[in-house]
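Please take a moment with the model below. We will walk through it together.

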Number of protein chains: 2
Amino acid sequence: MEFKHHTAVTLAEVAEAAGVGESTVSRVLRNHGSFSKKTRDRVMEAVERLGYVPNRIAGTLASAGSRLVAFVIPSLSNIVFPDVLRGASSVLEANQHQAVFSVTDYDAEREEALVAAMLAWRPTAVMLAGFEHTEGTVKRLRASGCRVVEMLDLDGTALDLAVGLSNRSAGRTSADFLLKRGYRRIGYVGHDLDRDTRARKRFGGFCEALGAAGFALVDREICAGGSSVESGRLGLERLLARSSLDAVYFSNDDMALGGYFHCLARGISIPSQLAIFGYNGLDIGRVTPQPLSTIRTPRVETGRVAAELVVTDAPPQVVDLGFELIEGATA
Amino acid sequence: MEFKHHTAVTLAEVAEAAGVGESTVSRVLRNHGSFSKKTRDRVMEAVERLGYVPNRIAGTLASAGSRLVAFVIPSLSNIVFPDVLRGASSVLEANQHQAVFSVTDYDAEREEALVAAMLAWRPTAVMLAGFEHTEGTVKRLRASGCRVVEMLDLDGTALDLAVGLSNRSAGRTSADFLLKRGYRRIGYVGHDLDRDTRARKRFGGFCEALGAAGFALVDREICAGGSSVESGRLGLERLLARSSLDAVYFSNDDMALGGYFHCLARGISIPSQLAIFGYNGLDIGRVTPQPLSTIRTPRVETGRVAAELVVTDAPPQVVDLGFELIEGATA
DNA sequence: ATGAAAGCGCTAACAA
DNA sequence: TTGTTAGCGCTTTCAT
């Protein structure tokens with residue numbers, strides 16, 4: 001396949017072809033200002049004939065905002081962030097905005113570098129996960145004057161806009177549920193808490209609620225290598241090898257599913273021998289032989305609301321989307 | 001939180017502050033052309049002091065490529081496309097490119113509209129799924145002169161670059177495997193084949209291989225509402241209600257997992273009573289009590305290779321990344 | 001209703 | 001090694 005290296009058609013060429021001025025073409029294309037129907041038709045005909053595609057790079061430079069929204073997210077491996085992007089994407093596309101993204105891999109330094117790179121595109125807004133950023137990130141964001149949305153967390157101070165839920169509260173709710181159900185020897189299986197600050201907050205809330213009720217976590221297993229179904233399965237195996245427990249709280253549904261599979265494979269009956277509790281409320285947890293007990297988080301809606309706030313240029317605010325306890329059958 | 005509406009610092013201001021010309025600042029910043037160490041230090045000092053962030057909108061307009069790579073993908077619900085984005089994202093970030101994306105929801109008309117919107121940003125490349133596009137999409141892409149990468153399919157004619165695997169061949173391999181294992185009464189549970197052309201090609205290859213061996217598909221169930229674990233579970237239930245089968249081929253692992261859960265819940269023993277076969281080789285299938293029999297696809301690598309071809313401006317070519325049969329224990 | 005012209009912030013010759 | 005200047009393709013006054 002051969003590509004001719006012809007420079008793209010410009011607005012000036014369209015104007016020439018239509019026999020009108022450049023500004024007239026611009027007005028017609030943006031349907032802004034006044035022009036006669038006849039002029040409109042001639043312009044549109046020329047646009048069609050030449051296959052003109054407006055250059056938004058030039059348009060943005062000449063006028064106001066870029067209508068580019070930058071997502072700087074921790075990961076794409078877990079379905080959580082794709083879900084957020086999905087919610088945002090539909091709103092952005094409907095409002096002629098474009099989503100740009102990059103992945104930090106839960107590294108705050110990397111987040112700073114990526115935010116800096118994003119700001120060079122003069123985005124309308126930068127969407128981040130959570131409240132924990134480096135000083136440099138905050139400084140650059142502030143200086144940029146662009147909107148900032150911190151998503152999926154509410155435990156902290158927002159820079160501008162925040163949309164999500166309280167992870168601490170979700171952790172507490174989880175603990176209260178397990179205690180109410182009568183579980184007492186409770187353990188935890190999670191992934192790297194240093195990097196995933198939201199998982200850390202859930203764990204904090206969970207332990208806090210146990211403590212408030214006069215109990216304490218019996219044991220915990222932190223899996224290296226991030227969150228995954230496999231980590232969850234191996235983590236639970238290691239935990240059970242050394243502690244006798246009647247319930248385990250997992251850092252999320254992926255990990256919990258791994259634990260669930262471990263029990264199925266070993267013939268550990270759920271929940272009578274061991275209860276399992278997750279976080280996120282993934283669809284798959286509704287379809288397992290026993291529905292997973294977990295907390296459903298508003299991931300798609302977080303993306304949607306975040307995007308709406310941005311396209312409507314809403315004033316600074318914090319939107320609590322809450323979460324929902326799913327009793328399920330594993331606890 | 002209050003944002004001062006100060007216009008961002010420009011290169012001209014930096015030049016002024018550093019007491020040098022604009023082009024000198026430009027050279028220093030891009031480390032291109034020559035300048036003295038002393039000049040460099042003065043410029044960098046001014047950049048730091050003023051908090052200057054280069055404007056890539058202006059830079060792109062003034063010079064060559066945008067270093068923007070546009071992904072127009074069918075979906076974000078299935079982990080397949082996030083995996084591709086993940087593979088691409090690491091390469092792009094390492095090469096100072098940015099990823100822009102939008103979601104077609106498996107709609108070719110929508111793809112055309114989104115491609116058109118993307119082209120307005122004069123991207124370095126447009127990354128698409130598969131070979132089936134509207135005429136308008138092809139025309140616009142050709143006219144744009146930008147690179148095009150069609151991903152995750154090889155059964156068809158590439159516009160420019162193509163990276164992925166043959167779905168038809170994957171379907172054939174799946175059928176051959178089931179036949180070799182001795183299964184004869186084989187059914188299919190899939191999602192909307194009209195929109196997901198790659199799933200359709202797999203199904204085509206599967207039936208073709210059955211036919212070549214003198215057999216035929218006994219029954220099939222097409223689930224409305226797209227691919228999901230739940231669809232797979234319900235689809236298998238409906239299929240088994242009307243046909244006696246010894247093996248079922250699913251359109252992908254999500255669907256197959258649903259089928260697997262159905263069997264677990266109903267006490268249908270796998271694979272003796274019913275064999276299950278999927279597609280994708282998701283990690284979760286390695287951790288279920290019985291590992292899922294499936295085909296592993298190079299999703300992350302597809303993204304990685306696609307991005308590498310683009311950043312190196314490779315000549316038009318087709319890269320077959322192949323696939324791997326995972327025997328598993330469900331067939 | 002329409003056109004001319006001045007930028008938007010940068011890069012890339014071209015001079016000096 | 002450094003500065004000057006002419007665009008890049010568009011939007012936006014401001015005239016007409």
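A phosphate oxygen of DNA strand C is 2.6 Å from an N or O atom in the side chain of Ser26(B), a polar contact (a pair of N or O atoms within 3.5 Å). Another phosphate oxygen contact, at 2.7 Å, involves a polar backbone atom of Ser36(A). Bases take part too: a base oxygen of DNA strand C is 3.2 Å from a polar backbone atom of Ala62(A).

This is a predicted model, where local features need pLDDT of at least 70 and side-chain atom pairs pLDDT 80 or more, while totals for chains, interfaces and linings use all residues. Residues are numbered from 1 along each chain as its sequence is written, chains are lettered from A and ligands numbered from 1 in the order written, and side-chain values use heavy atoms, leaving out hydrogens and water.

Now look all around the DNA. Of the 27 residues around DNA strand C, counted when a heavy atom lies within 4 Å, Arg27(A), Ser34(A), Thr39(A), Leu11(B) and Tyr52(B) come nearest. Sugar and phosphate account for 67% of the atoms of DNA strand C that come within 4 Å of the protein. Among the helices (DSSP runs of H or I, at least four residues, numbered from the N terminus), α2(B) gives the most to this surface, with 5 residues.

Finally, turn to chain B, where the axes (lines fitted to C-alpha atoms over the stretch in contact, with angles from 0 to 180 degrees between N-to-C directions) of α1 (residues 11-18) and α3 (residues 37-50) come within 9 Å and cross at roughly 120 degrees.

Key
Helices (H or I, at least four residues) and strands (E, at least two) are DSSP runs, numbered from the N terminus. A polar contact is a pair of N or O atoms within 3.5 Å; within protein, one must be able to donate a hydrogen and the other to accept it, and residues adjacent in sequence count only if both atoms are side-chain atoms.
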